[in-house]
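Please have the model open as you read.

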Amino acid sequence: MPPRRSPTPPELQPVLALLSTLEPLIYAANAGADRAHFEALLAPDFWEVGGSGQVYDRAFVLDTLEERQRHPREEAWHTFDWHLRPVDERHVLLTYALQQPTRLSRRATLWRRTTDGWQMVYHQGTPVL
């Protein structure tokens, strides 16, 4: 049996609620979201490791998100097992599971609190085999 994670601390529950609404913006088409919206969401030093192990930089991810906006597709997905852990005064680690029609993956995103709001610094999706 896998080790149990500590529950999200009570003081971080409002942050968890907010980030759980922002997080799907990187894998789902969003009505009305434009490139400027995604640029504000992704930190200047953002990078991602995809389920294939491929590394993607911010520019690639922004281009991909913009393309998804132009050609949205209906996708049924479900998230669960959300956890938030503080890293330091400005950073938190968000983890959860994403069930898509063709695969289940575990997700991890490092978020940074800025004067303008929360920004993604790093994201990784790992397929569950």
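1. L41 is found in helix α2, which spans residues 35–41; helices are DSSP runs of H or I with at least four residues, strands are runs of E with at least two, and both are numbered from the N terminus. With a relative accessibility of 5%, L41 counts as buried (buried is under 20% relative accessible area, exposed is over 50%, and partly exposed is in between, using a 1.4 Å probe and protein chains only). Setting aside residues up to four places away in sequence, L41 touches L22, L25, I26, W111, W118, Q119 and M120, where contact means heavy atoms within 4.5 Å. Y56 is 15 residues from L41 along the chain, and their C-alpha atoms are separated by 16 Å.

2. A word on the ground rules. This is a predicted model, in which local features need pLDDT of at least 70 and side-chain atom pairs count only at pLDDT 80 or more, while totals for chains, interfaces and linings use all residues. Residues are numbered from 1 along each chain as its sequence is written, and side-chain values use heavy atoms, with hydrogens and water left out.

3. How many helices and strands does the protein chain have? There are three helices and six strands, and from the N terminus on they follow the order α-α-β-β-α-β-β-β-β. The radius of gyration is 15 Å, close to the 14 Å that the globule rule gives for 129 residues, so the chain is as compact as a globular protein of that length. That radius is taken over C-alpha atoms, and the rule is 2.2 Å times the number of residues to the power 0.38. Along the principal axes, the C-alpha atoms fill a box of roughly 40 × 40 × 25 Å.

4. Helix α1 (residues 13–22) deserves a look from the end. V15, L16, L19 and L22 are its buried residues. They cover an arc of only 125° around the axis, which puts them on the same side of α1; the arc is that of the directions from the helix axis to the C-beta atoms. The face turned away from this buried side carries the exposed residues P14 and T21. The buried residues of α1 pack against α2, β3, β4 (91–99), β5 (104–114) and β6 (117–127).

5. Beyond its neighbours within four places in sequence, H91 is in contact with P86, L110, W111, R112 and V121.

6. R58 lies in helix α3 (residues 58–70).

7. Most residues other than glycine have a negative phi. D81 is not a glycine, yet it has a positive phi of about 60°. The residue is partly exposed, with a relative accessible area of 28%.

8. Some totals to finish. Buried residues make up 38% of the 129 residues in the protein chain. Of the contacts with a separation of 6 or more, 50% come from residues 24 or more positions apart.
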